[in-house]
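Here is a quick walk through one chain, from its overall fold down to a single side chain. Have a look at the model first, then read on.

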Amino acid sequence: SRCIGFLTTIGVVSALILTMVKFTDKAEQQFSDDPWLDCNEFICSEIHVALSGIAMVASTFSVIYATNTYAWMCMTTVDRMAEFIETFPGALAWPADFMIAGVLAWVLDSLWLAVLSNGVRNIV
């Protein structure tokens, strides 16, 4: 029952991250006089695309793996649950790992977009 709750939480959090990924937003620098960051000389848009892409892919994989493992565990009897976890040790780890990667990429992408729109000095 704890494993099923764990997988449900991971699936829900990853699905929420999927809804918050700003994949279609354009990364534009609002302050062109920022001495720390110049998007004319630095790949600002590519960083945003990479981070939001990683967040989207990792969160999608997390939702898929969590749903798949949840279904397997619902079909496994309680007395065979330990055997299932020993046979498939990654079944619980992979959804969590992908969720962590998705959350970190989303946070870094949101921070990157905030730096571009507000300038380095206003963030720090």
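Throughout, two residues are in contact when they have heavy atoms within 4.5 Å of each other. Keep in mind that this is a predicted model.

## Overall fold

Let's start with the big picture. The chain has five helices and zero strands, so reading along the sequence you get the pattern α-α-α-α-α. With a radius of gyration of 19 Å, against the 14 Å that the globule rule gives for 124 residues, the chain is well over that value and so is more spread out than a compact globule. The C-alpha trace tells you about its proportions: along the principal axes it spans about 65 × 20 × 20 Å.

How do the contacts spread along the sequence? Take the contacts between residues at least 6 apart in sequence: 82% of them join residues at least 24 apart.

## Surface and charge

Of the 124 residues, 30% count as buried. The accessible surface comes to about 7,900 Å², and carbon and sulfur atoms own 66% of that.

On the charge side, there are 5 positive and 12 negative side chains. The centres of these two sets sit 7 Å apart.

## The nonpolar cores

In soluble globular proteins, nonpolar side chains tend to be buried together. Which residues make up the largest nonpolar core here? There are 10 of them in all: L7, I10, A66, M73, M81, F84, A91, L92, A96 and M99. Two or more residues of this core come from each of α1 (2-20), α2 (44-75), α3 (81-87) and α4 (90-118). Helix α4 gives the most, with four residues.

Apart from this core lies another one, made of seven residues, including L37, C44, V115 and L116.

Neighbours within four places in sequence aside, M73 is in contact with C3, I4, L7, M81, F84, I85 and L92.

## A buried serine

Is its side of the story buried or exposed? The relative accessibility of S59 is 1%, and since buried means under 20%, S59 counts as buried.

What does S59 touch, leaving aside its neighbours within four places in sequence? The residues in contact with S59 are S14, I17, L18, F98 and G102.

Technical notes:
Residues are numbered from 1 along each chain as its sequence is written. This is a predicted model: local features need pLDDT of at least 70, side-chain atom pairs count only at pLDDT 80 or more; totals for chains, interfaces and linings use all residues. Side-chain values use heavy atoms; hydrogens and water are left out. A nonpolar core is a set of buried Ala, Val, Leu, Ile, Met, Phe, Trp, Tyr and Cys residues joined through side-chain atoms within 4.5 Å. Buried means under 20% relative accessible area, exposed over 50%, partly exposed in between (1.4 Å probe, protein chains only). The radius of gyration is taken over C-alpha atoms; the globule rule is 2.2 Å times the number of residues to the power 0.38. Accessible areas come from the Shrake-Rupley method with a 1.4 Å probe; for residues, only the protein chains shown count as cover. Lys and Arg count as positive and Asp and Glu as negative; His and the chain ends are not counted. The place of a charge is taken as NZ of Lys, CZ of Arg, CG of Asp or CD of Glu.
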